[in-house]
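Student: I'd like a close look at one part of this protein, please. Could you take me through the aromatic rings and what surrounds them?

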Amino acid sequence: MKFFGNPNGPLKEVVIFAPTMRCNQFPIFLFVVGLVICVSGSLVVAQSTVEREIAAIMADYEAVGASVAVVKNNKIVYNRSFGLKDVDTQAPLQNTDVFRIASISKSFVATGIMQLVEAGKLSLDDDVGRLIGFRVRNPRYPDSVITLRMILSHRSSISDKNGYFTLDAMHPDRDPEWARAYNDYAPGTDYQYCNLNFNLAGAILEKYAGERFDRYIQRRILQPLGLYGGYNVDELDSSRFVTLYAYDGEAGRFNASPSAYQSRSEALKNYQLGYSAPVFSPTGGMKLSAADLARYMTMHMNYGETEGVRILSEAGSRAMQAVQSQKSGYGMALRTIDDLIPDKKMTGHEGIAYGLYSAMYFQPEEKFGIVVITNGCNTGFSQGDVINDFLRAMYSCLYKNFLL
């Protein structure tokens, strides 16, 4: 028996090859044929239903384009793209197109750090100031050590008040306002989401790996998993980049965000290993397709391994997913929430930047996960509304029709 169909569209044909059989085997064969036809029909129903739901959600939020992928039992069972890759050219969005995935990128940083922890090059309880080479202390709590574990879980008391595009924002010798980069609470006692945490972690990663940040992630995570993408736009095929659109509420229009894929060539001329990593935006600069993000997600869903390739030990992967802050459900660049899909605890991350909204969430016990990326929505709505509607609709439609 064999299924044929368009990978970017609904199942269109079922071809059944039957071997020579005895008469008393024929009823069994008929049963199997009927079962296959029933299942294939359910697949068609599931796909058409979820596509109607996605079309309705895109209309509600005026989405430019959306790419989705669903994983079940370590396989991508659904991958479709809708709408436009680029408004000016009217190019349709394709499954192989690449997005800047925004803050989901943080999980790649934490994965790389955990690899170095497992190699004995770092400890999660190391003093971040000692690691990076300048004093990292909240001036209100100068005796409280800020650890690697704290920055990976957003419990460091570091903030983005001074910006996060360079480590100068918190360097006492380079910014006279460095103290503004810290919150009023003691390190380890509270949670605040902070991009600077992960740009700092990216610099620490490359310093102790002895390899530039983007190249380490490419060599140790993307290539072993067979994924096309990376942090350095100059080493990727720009024709695959999906244009991102930020919505201007006052003007009532979408504006393209070309800086999402800005070249790093000038910044690399004076690159300082162990300090300049923020030029790649470890905190938000990964570029991947929805399908490749789903493959990466599958590795975390299986606690560090997929298709025979192990990226992290099971213990290291579980450590990333272990909740460090009950306030947020955040672990180390992955968070666990129980209000996304009824009666399911889902683990993953979201992203928002330049008009893009993204999410990957998985259920490690039941072995399913969903990826959604949009390249522009009417931002009169919150990120949570857009992403939650997509994820819930996909789960509901596919679950009811046997794909999940």
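Student: To start with, is Phe-254 buried, partly exposed or exposed?

Tutor: Phe-254 is partly exposed, because its relative accessibility is 24% and buried would mean under 20%. Keep in mind that this is a predicted model. The mean pLDDT of the chain is 89, and 86% of the residues get to 70 or more. Be careful with residues 1-41, though, where the pLDDT is below 50. That stretch still has 40 contacts in the model beyond its near neighbours in sequence.

Now for the partner of Phe-254. Its ring pairs with the ring of Tyr-247, with 4.9 Å between the centres. The planes meet at 65°, so we call this pair edge-to-face, since the cut-off for that label is over 60 degrees. Tyr-247 has a relative accessibility of 18%, so Tyr-247 counts as buried.

A search of the whole structure turns up 11 aromatic pairs. Another one to look at is Tyr-191 with Tyr-330: here the centres are 5.9 Å apart and the planes are at 45°, which makes the pair tilted. This pair links distant parts of the chain, as the two residues are 139 apart. Find Tyr-191 in the loop between helix H4 (148-152) and helix H5 (195-209), then find Tyr-330 in the loop between helix H8 (314-321) and strand S12 (335-341). Tyr-191 is buried because its relative accessibility is 16%, and Tyr-330 is buried too, at 1%.

Leaving out neighbours within four places in sequence, Leu-152 touches Tyr-330, and its other contacts include Phe-198, Gly-331 and Met-332. Leu-152 is also among the residues with the most contacts inside the largest nonpolar core, along with Phe-108, Ile-151, Ile-158 and Ile-217. That core has 80 residues, and H5 gives the most to it, with 8. There's a second, separate core of 31 residues, including Val-50 and Met-394. As a general point, nonpolar side chains tend to be buried together in soluble globular proteins.

The charged end of Arg-318 sits over the ring of Tyr-303, 3.8 Å from the ring centre. Arg-174 does this with Tyr-275, its charged end lying over the ring at 4.5 Å from the centre.

Note on methods
Residues are numbered from 1 along each chain as its sequence is written. Side-chain values use heavy atoms; hydrogens and water are left out. Rings of Phe, Tyr and Trp (its six-membered ring) pair if their centres lie within 6.5 Å; planes under 30 degrees apart count as stacked, over 60 as edge-to-face and the rest as tilted. Helices (H or I, at least four residues) and strands (E, at least two) are DSSP runs, numbered from the N terminus. Buried means under 20% relative accessible area, exposed over 50%, partly exposed in between (1.4 Å probe, protein chains only). A charge sits over a ring if NZ of Lys or CZ of Arg is within 6 Å of the ring centre and within 35 degrees of the ring normal. A nonpolar core is a set of buried Ala, Val, Leu, Ile, Met, Phe, Trp, Tyr and Cys residues joined through side-chain atoms within 4.5 Å. Contact means heavy atoms within 4.5 Å. pLDDT is the predictor's confidence in each residue, from 0 to 100.
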